[in-house]
Amino acid sequence: MAHGARGTGGDVTSGYAPVNGLQMYYEIHGAGQPLVVLPGAYMTIELMGEYIPTLARTRQVIAVELQGHGHTADIDRPITYESLADDTAALLRHLGIEQADVFGYSMGGTAALRVAMRHPALVRKLVFVSGSFNTGGLYPELLATVEQMTPDWLEGTPMREAYNRTAPNPEAFPTLMAKVKQLNLAPQDWPAEEIQVISAPTMIVIGDSDGTRPEHAVELFRLRGGGVFGDIVGLPAAQLVVLPGTSHLGILDRVGWLVPMIEAFLDAPMPEQA
């Protein structure tokens with residue numbers, strides 16, 4: 001089911017895809033090479049701000065609201081990175097898209113990495129923003145804060161207001177928070193070997209004052225083929241971006257910096273297969 005969406009200055013359609021028991025809400029902005037955008041925890045598509053209309057000037061952006069987020073009603077199952085990845089893959093298949101670039105932020109970034117691990121044929125290039133592949137990649141104080149969070153912490157924030165506006169059942173927010181907390185606090189330790197064999201060229205992005213430690217981003221960069229002397233051996237298929245003076249939420253205000261880098265990365269020729 002698809003229909004014309006609210007006016008955003010361009011061609012936009014929206015719909016609900018039946019995937020894995022969900023009615024998953026999505027919007028399609030623009031035209032060209034498909035790019036899936038996966039927002040972070042508690043976020044709707046609109047909270048990705050100017051990233052979506054700006055990226056949609058040069059490509060077809062498929063923006064998604066994940067399980068229990070925004071227009072996508074929750075169902076009776078936990079939120080896991082595996083299910084988020086499988087839902088995203090099922091959406092692409094529902095839309096008849098054989099391969100897409102994938103850009104995920106925060107929870108959506110880690111979900112995007114999982115898509116590339118579980119459904120490699122679907123992912124052409126990966127833009128991994130402010131995520132992690134093991135629990136040690138996050139600052140302990142971030143996890144301590146997550147543990148203490150209660151639903152009223154987000155009262156009055158853009159996240160809660162967007163949820164209240166779009167959710168089929170706004171009273172379900174405490175359940176969503178319980179599931180997201182469980183996701184964040186569950187031990188995460190994805191094997192290095194599984195990350196090394198991802199086929200998609202990968203851009204890794206963090207703020208220099210993000211929730212992800214810089215050492216973790218560098219470790220992922222090395223696992224994806226970075227950490228070489230490019231003048232001698234050539235540039236790797238991985239890129240590392242550390243945005244200065246930028247916090248986790250601050251990345252949402254760095255559209256002017258980040259979009260040109262993302263576009264250059266996505267537009268570059270695919271590396272020749274060894």
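Trainee: What should I know about the model before I start?

Mentor: The model is predicted, so local features need pLDDT of at least 70 and side-chain atom pairs count only at pLDDT 80 or more, while totals for chains, interfaces and linings use all residues. Residues are numbered from 1 along each chain as its sequence is written, and side-chain values use heavy atoms, with hydrogens and water left out.

Trainee: How do I read a strand, and which strands pair with β4?

Mentor: Helices (H or I, at least four residues) and strands (E, at least two) are DSSP runs, numbered from the N terminus. Two strands pair if DSSP finds at least two bridges between them. Strand β4 covers residues 34-38. β4 pairs in the parallel sense with β5 (residues 60-64) over 4 bridges, and Pro34 has Gln60 as its bridge partner there. β4 also pairs in the parallel sense with β6 (residues 100-105), again over 4 bridges; in that strand, Phe103 is the bridge partner of Val37.

Trainee: Which way do the side chains of β4 point?

Mentor: In a regular strand the side chains alternate between the two faces of the sheet. Here Pro34, Val36 and Leu38 point one way, and Leu35 and Val37 point the other way. Buried means under 20% relative accessible area, exposed over 50%, and partly exposed in between (1.4 Å probe, protein chains only). In β4, 5 of the 5 residues are buried.

Trainee: Which residues touch the most other members of the largest nonpolar core?

Mentor: A nonpolar core is a set of buried Ala, Val, Leu, Ile, Met, Phe, Trp, Tyr and Cys residues joined through side-chain atoms within 4.5 Å. The largest one has 88 residues, and Tyr42, Met48 and Phe103 touch the most other members. Contact means heavy atoms within 4.5 Å. Leaving aside neighbours within four places in sequence, the contacts of Tyr42 include Leu47, His69, Met149, Phe173 and Lys181.

Trainee: Is His216 buried or exposed?

Mentor: His216 has a relative accessible area of 1%, so the residue is buried. His216 is found in helix α8 (residues 214-223). With neighbours within four places in sequence left aside, His216 is in contact with Gly131, Ser132, Phe133, Asn134 and Gly137.

Trainee: How many salt bridges does the structure hold?

Mentor: A salt bridge is a side-chain nitrogen of Lys or Arg within 4 Å of a carboxyl oxygen of Asp or Glu. The structure holds 10 of them. One of these joins Arg165 and Glu46, at 2.9 Å from N to O. Arg165 is in helix α5 (residues 158-166) and Glu46 in the loop between β4 and α1 (51-55), so this pair links distant parts of the chain, 119 residues apart. Arg165 is exposed at 53% relative accessibility, whereas Glu46 is partly exposed at 38%.

Trainee: Which residue forms a salt bridge with Asp86?

Mentor: Arg118 does, and the closest N and O atoms are 2.9 Å apart. Arg118 lies in helix α3 and Asp86 in helix α2 (residues 81-94), so the pair ties together parts that are 32 residues apart in sequence.

Trainee: Which residues other than glycine have a positive phi?

Mentor: Most residues other than glycine have a negative phi, and most peptide bonds are trans. Among those with a positive value here are Asn20, with phi near 50 degrees, and Ser106, with phi near 60 degrees. Asn20 is found in the loop between β2 (12-19) and β3 (22-29), and is partly exposed at 44% relative accessible area. Ser106 is found in the loop between β6 and α3 (107-118); at 15% relative accessibility, Ser106 counts as buried.
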